[in-house]
Amino acid sequence: MSGINTLKGAYIRSVLKDEKRIDSREKFQMREIEVKKEVLSNAEGSARARLGNTDVIAGVKVVVEAPHSDTPKEGNMVVSAELLPMASAGFETGPPSPAAIELARVVDRGIRAGGCVDMGGLFIEDGKVYSVYIDVYVLDYDGNLFDVCTIAAMSALMNTKLPKYSDGEIDRKDRSRSLKIDNVVSSTTFGKFGEDIILDMNADEEQAADARITIATDGKVVRAMQKGLNGDFTIKQVEQLIDIALSKNEEITKHIKR
Amino acid sequence: MISEVIMLSDIMASKINKPELIHGGKRLDGRKADELREIKIEAGVLRNANGSAYLEWGKNRIIAAVYGPREVVPKHFADPNAAIIKCRYSMAPFSSLEEHGRSGQNRRAIEISKVIKEVFENVVLLNEYPNSEIDIFMEVLQSDGSTRAACINAAAVALASAGIPMKDMVYGVSVGKVDGEICVDVDMLEDNYSDADMPLAISHRDDRILLLQMDGDMSNEEVRRGFDMAVVAGKKIKELQREALLAVYKGV
Amino acid sequence: MKTVVLPGDAMPEGLAGTHYTYMSAGHAISKVVGVYDDERKEIMPLEGAWHPRVGNSIVGVVASVDRNTCSIDLRHSSYGVLINDRMSRYRPRVGDVIESVVKSIERKNVPVMDRARPIEESSWLVYVKPSKIPRVLGRNNSMLRQIEELTQTRIIVGLNGFVAISGKGINPAVASIRKIESEAHTPGLTDRIREMLLSIKEYDK
């Protein structure tokens, strides 16, 4: 499919020279965000998020387990991502691809480093803590999975309920206690074409980009970053992008908090 | 940890803790023996796939997508005389009310994928696309019993909406023996304590059985009654599948 | 009258077999989701793959180059075969986007071409479901001409689904093709596309 890339790449670059994009967006304009919470009832938390034509669903399962030995008084949190073969002709069946693992780890890092989940509140008793498993499923792919998966994962956590645990038994019918959320992060992913930089790439743009950077913030400080692809950024460019990332936080998190 | 898991499954299977599943002629969720749960189907829900469908069946939530006919990968699987079908049924780790599941397919999912594949190999006109493959993906986002029947309903709608030529449409439905009574469309709770469970896939036009599995105990007479109930319930399912497809082309 | 039919639906008495039906016990049965027109006595499929015919225009991507032939990715059930034209100055390379015409069909669904032209590099390529391509063209290509005229573009339509657009207003041309794709089965589309293009024309020029 490299031919499509060359042809599309040529046009993407040529319109960027005129400060335009193939879908007529501004350079730093996100596509429309749509979040639906509590879309599943078996899961302890869930959300479906759309960013333009990219469509993902996040489900949260809470289980009782032993804590990690280095954090005996804290719960566990695990983020996984699945690039379902139904989401794109380019996604294949089989074990998680490096791209899916990177995606999960970057989403995990933003939420973890952002101190979003009150990990201490997941402690039950010595040797017993709640573990929060967040699985993000990509259903339909049109670019920028980092940002939309963070939106879905955060939104699902926001409505997660902890099942009651007493006398060594978990009661999944009793979900009176909500998971405590201390902070809300947003992720913003930029793509670079030559010297032009844009926010929220669609699938066509993503195929043609030279470099990519994901910046997770809580609106005040940067919480996680990941640079991808084999192109590069200047220090100055990264500094500018951090400013833009911080300024976009409110626009994104209002969909998560709602 | 391990002992707890065993204990839990023991409790599930034991008849001692078995709740009364049918009371005063009604099932636990208020249904009659021949009554289906509430069903909603929507066709064409995904943009990238050639065809797709979303299905709500009781608490089941299923999404199905179809790609193809397209080039076979790897190439040596290609059949020079007909298209091949690949089928993937899998359950999301957050789909059940219980523990966090493993992502991807386990042995159960692989078996289900195989028998569903055989259903669609029957109705899809494979010889129209030699040397190509048709992919059917079914993802259980939330499970509440009879998921394979639910998946077949969604996949059939997805195939039709992809324009794949078929000699007929298919519906799926399960029959079970609950508290000794033959019931249609068993849910998760009933399935856990049922005496027998029989998932079926049946063709629309001439009621051919394309999928049949059964476990438990059922007499010849009970199986016969199960088939009858499945075909009666099928009328409603067929109608819902039709409506879902026709809704996409309302303006025609 | 037009009615939507589904796979397995029995067609009215007297309809002989067509490409989209099969015969069962003397009855024609539909194989596809389509519209049955009882005046023209035929089914037009609403969805589905491209059925290559001799003379069809195609747009595809060169997938591999061999001594005598090239494989062309047409997003079809199998690659097309381009027989290398020794008289032509154009030598296909992997990744080139080309336009061509189907010369013959082998093994039921493999399109064979013997001449191809590369599509210019400043173009944009979109993929449209082949069943929607007739709407992109419109009656006697009227829809296509309207888009080309209002957006000042040149559009090369492959019946296999790839559409290459070059010229000034590529963005609005793509937007109108996407709109046609999603509203393909609704009436009055030509006027709605015209309205849409007239309203965004200013912005993109």
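This section describes the fold of chain A and several local backbone features in chains A and B.

The model is predicted: local features need pLDDT of at least 70, side-chain atom pairs count only at pLDDT 80 or more, and totals for chains, interfaces and linings use all residues. Residues are numbered from 1 along each chain as its sequence is written, chains are lettered from A and ligands numbered from 1 in the order in which they are written, and side-chain values use heavy atoms, with hydrogens and water left out.

Chain A contains 5 helices and 14 strands. These elements are DSSP runs numbered from the N terminus (helices, H or I, at least four residues; strands, E, at least two). The radius of gyration of chain A is 19 Å. A compact globule of 258 residues would have a value near 18 Å, so the two agree. The radius is taken over C-alpha atoms, and the globule rule is 2.2 Å times the number of residues to the power 0.38. Along the principal axes, the C-alpha atoms of chain A fill a box of roughly 65 × 35 × 35 Å.

Of the 258 residues of chain A, 57% are buried. Buried means under 20% relative accessible area, exposed means over 50%, and partly exposed lies in between (1.4 Å probe, protein chains only). The chain exposes about 10,600 Å², of which carbon and sulfur atoms supply 49%. Accessible areas come from the Shrake-Rupley method with a 1.4 Å probe; for residues, only the protein chains shown count as cover. Among contacts in chain A with a separation of 6 or more, 69% join residues 24 or more positions apart. A contact means heavy atoms within 4.5 Å.

Chain A carries 35 positive and 41 negative charges, and their mean positions are 2 Å apart. Lys and Arg count as positive and Asp and Glu as negative; His and the chain ends are not counted. Each charge is placed at NZ of Lys, CZ of Arg, CG of Asp or CD of Glu.

Helix H3 (residues 145–158) has 14 residues and spans 20 Å from its first C-alpha to its last, close to the 20 Å expected at 1.5 Å a residue. The expected span is 1.5 Å times one less than the number of residues. H3(A) is mostly covered, with 13 of its 14 residues buried. Helix H5 (residues 235–257) of chain A holds A:Thr253. A:Thr253 is buried, at a relative accessible area of 1%. Beyond residues up to four places away in sequence, A:Thr253 touches A:Val184, A:Val185 and A:Ser186.

Most residues other than glycine have a negative phi, and most peptide bonds are trans. Exceptions follow. A:Ser24 has a positive phi near 65 degrees. A:Ser24 sits in the loop between helix H1 (2–17) and strand S1 (33–37) of chain A, and is partly exposed at 26%. For B:Asp207, phi is positive at about 55 degrees. B:Asp207 lies in the loop between strands S10 (196–203) and S11 (209–212) of chain B, and is partly exposed at 38%.

The B:Gly68 to B:Pro69 peptide bond is cis, with omega near -5 degrees. B:Pro69 belongs to strand S5 (residues 60–71) of chain B and is buried at 9%. Excluding residues up to four places away in sequence, B:Pro69 touches residues of chains B and C, including B:Tyr129, B:Ile164, C:Ala49 and C:His76. The B:Val73 to B:Pro74 bond is also cis, with omega near -15 degrees. B:Pro74 lies in the loop between S5 and strand S6 (84–91) of chain B.
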